[in-house]
Amino acid sequence: MAPTASTASNPAMRARDDLDSTWTYLEKNVDNVMNKLQEGLDMKTYMGVYTAVHNFCTSQKAATNQSQGGSPGTLSPAHRGAHLLGEELYTLLGKYLTGHLRDVLAASESHTDEALLAFYIREWKRYTDAAKYNNHLFRYLNRHWVKREIDEGKKNVYDVYTLHLVKWKDDFFKAVEGKVMDAVLRLVEKQRNGETIDQMQIKAIVDSFVSLGLDEHDSSKSTLDVYRLYFERPFILATKEYYINESRRFVAENSVVEYMKKAEARLEEEKERVGLYLHPDIMKKLMETCNEALISAHSVLLRDEFQVLLDNERTEDLARMYKLLSRIKDGLDPLRTRFESHVRKAGIAAVEKVAAQGDSFEPKVYVDALLEIHGKYQQLVNVAFTGESEFVRSLDNACQEFVNHNQVCKTNSTRSPELLAKYADQLLKKGAKAADESELEELLVQIMVVFKYIEDKDVFQKFYSRMLAKRLVHTSSVSDDAETSMISKLKEACGYEYTNKLQRMFQDVQISKDLNTAYKDWHDKILEDSDEKRTVDSTFQILGTGFWPLNAPNTPFAPPAEVSKAIESFTRFYDQKHNGRKLTWLWQLCKGEIRANYIKSQKVPYTFQVSTYQMAILLLFNDSDKMDYSEIKELTKLTDETIEPAIGILCKARVLISSPEDGKPAPGTSYSLNYNFKNKKVKINLNITVKSEQKVESEDTHKTIEEDRKLLLQAVIVRIMKGRKKLKHVHLVEEVINQVRNRFPPKISDIKKNIDALMEKDYIERLDNDELAYIA
């Protein structure tokens, strides 16, 4: 404060005297608080100190500023007239704290390591407790002078408690923080080496460093700057160095698996350490440092071990490796690539074992082989890799590869969907080994797992629909619920359009049931009116041409008189209900039962389950005991290709006897009924599909698929061009692939052929610069 000219009786001079006497009194009591706080401070002294501060701060120090050229009565700029004083007290308190801390610093020099930490913590506790007391004693200074100075934006002015912290930081902390941190780091290293330490010491140090973080712009706020600079930075550096050295030594002396266990344990320890005595702010940097030293530095070594663990199915160790490498950036990418390659090889190897059996293997064996590999590695992904989406994608990529491109598919790229459809047919068809309802549902879910990876979904659809048609026509489905469940799964996977025809087939079957009931009522009334007897108990199914994947018979046929009569009767009934509709009879799918009344040794006549063609052949023997091949052919009108397998089965079952005995179905061979026919069963199924017929049917299905694909590609090309009007050739090909890939992977050559075909049909035309245009 600038001196003012005054007499002994001048108020300003008395104020100065007051400051000396006031500070002498205050200093003595502040010193007692700083050094003898444990002895306590009585209320009288407390009020005396508080009153002294109050009186001094409220005394007026109005002096003329004559020495600075001011006129009498003008207040000096420094004091602005009558105002609350306090700067002198504030300055003197600061000087006192500096001197006090100089003594503390001198006392600290005789301590090292843990003794230094104990000294620092003890002094910090004593000092901050005293600071709180002093803050109360100088509360009036805080509320008025300090508040005004801060409000006016003056720098380096703090409340009394914060002033204590600032002085501690500047006059003591900066001189000892290096030695304190060295002691802390040695203590932490001891703990990392397995020794027991006093963790509370470190926690107290951390709390002290945090408390010293002051916001320069707002003293009421705190920051972590001091903690981060003086504690966090050296702690992180020491941690990094410790783990780099330890991990290098451990890897040299132990296996990779043991190292992973060690790294896992160390990471967990460091995480716990934060909770025990470090500030939460350090967690991110500490984990990053540990990850770098323990994982990144040895990532190549860990990844090299991945294949060994996969080969030996070490799920627990794979999970450990996944957890470790997932902590570093791009740590898992090489693992995903290797995993995908491993699964692909495993799948291809599994299929090769099946293919080694030749073409005789059952579809179930093939599908089970695919499911076994998928199930095994799906479990691994879920357990070891926590079902992580990128590993799931790698699994899906690998499965898609070995399901569609394997040894079985080499000769025919669409073999997988065909075999899957056949397996579904086996499950959904009545048989001796039919699964119960819950087991069947689970098996259908498994089929959909493989179906997801099938590229040629249109092939599966075609085969499945044909087999479904046969199951429905022959009423051989294991249950309607199972059929409906499978169709709903396909609908969910591929959409309404994919299953539309399948659902319409079901509707036709239901309509046919109602139609048969109406026909029987109609026919019974006619029989009743004419007093005739029913000769054939017949059931009819009316199938919509556009929804059923069935072809008309490829042979002429003259049905037996009994069958013809039933056909004519139903046709009359149907024409009355639906005028103008044409019925095409699918003889190759018709079947029936006939009773063998000619075998006298049998009390209960045998019942033969036969195809309509077999029925026509056998009924001829009602009029003759022996018939020549040529006669049979003439009377039935069947082609050789149809008669041969039909008669062949009858001869193999010993229902008919050929003459000569080993004579092949051909002109010159005659056939007679076997009156000595015997069989353990009363009902014998002779309606058996021959393998050659199955092969022809499969080939026909593939031809249909090719034709359907051609039409689909052309429809998609026209739809795209109609919307775009003009499009570059390469962009059209890309768009077609995108729209069709959900049904099958189109070949670019096929797309180009169909573009050319549409150009010939004048749907599109070629412009300059390889551009195509739609012709309206």
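Which side chain does Thr642 join in a polar contact of 3.0 Å? The partner is the side chain of Thr639; a polar contact is a pair of N or O atoms within 3.5 Å, where within protein one must be able to donate a hydrogen and the other to accept it, and residues adjacent in sequence count only if both atoms are side-chain atoms.

The model is predicted, so local features need pLDDT of at least 70 and side-chain atom pairs count only at pLDDT 80 or more, whereas totals for chains, interfaces and linings use all residues. Residues are numbered from 1 along each chain as its sequence is written, and side-chain values use heavy atoms, with hydrogens and water left out.

Thr642 belongs to helix α24 (residues 640-652); helices (H or I, at least four residues) and strands (E, at least two) are DSSP runs numbered from the N terminus. With a relative accessible area of 12%, Thr642 is buried, a term for values under 20%, with exposed over 50% and partly exposed in between (1.4 Å probe, protein chains only). Apart from neighbours within four places in sequence, Thr642 is in contact with Thr555 and Tyr613, contact meaning heavy atoms within 4.5 Å.

An open sheet of 3 strands has the order β1-β2-β6 and mixed pairing; two strands pair if DSSP finds at least two bridges between them. Its edge strands, each pairing on one side only, are β1 (591-596) and β6 (683-685). Strand β2 (residues 606-611) runs parallel to β6 and is joined to it by 3 bridges; Thr607 has Lys683 as its bridge partner in β6. Helix α22 (residues 612-619) lies across β1 and β2, at about 125° to β2. Axes are lines fitted to C-alpha atoms, for helices over the stretch in contact, and angles run from 0 to 180 degrees between N-to-C directions.

**Nonpolar cores**

A nonpolar core is a set of buried Ala, Val, Leu, Ile, Met, Phe, Trp, Tyr and Cys residues joined through side-chain atoms within 4.5 Å.

| Core | Size | Residues, among them |
|---|---|---|
| Largest | 160 residues | Tyr120, Phe209, Tyr464 |
| Second, separate | 44 residues | Trp522, Ile594, Leu638 |

Leaving aside neighbours within four places in sequence, the contacts of Tyr464 include Ala421, Leu428, Arg471 and Leu502.

**Domains**

Domain bounds come from an automatic or database domain assignment. Among the domains are domain 2 (233-312) and domain 3 (315-504). Their centres, taken over C-alpha atoms, are separated by 40 Å, and 20 residues of domain 2 are in contact with 18 residues of domain 3.
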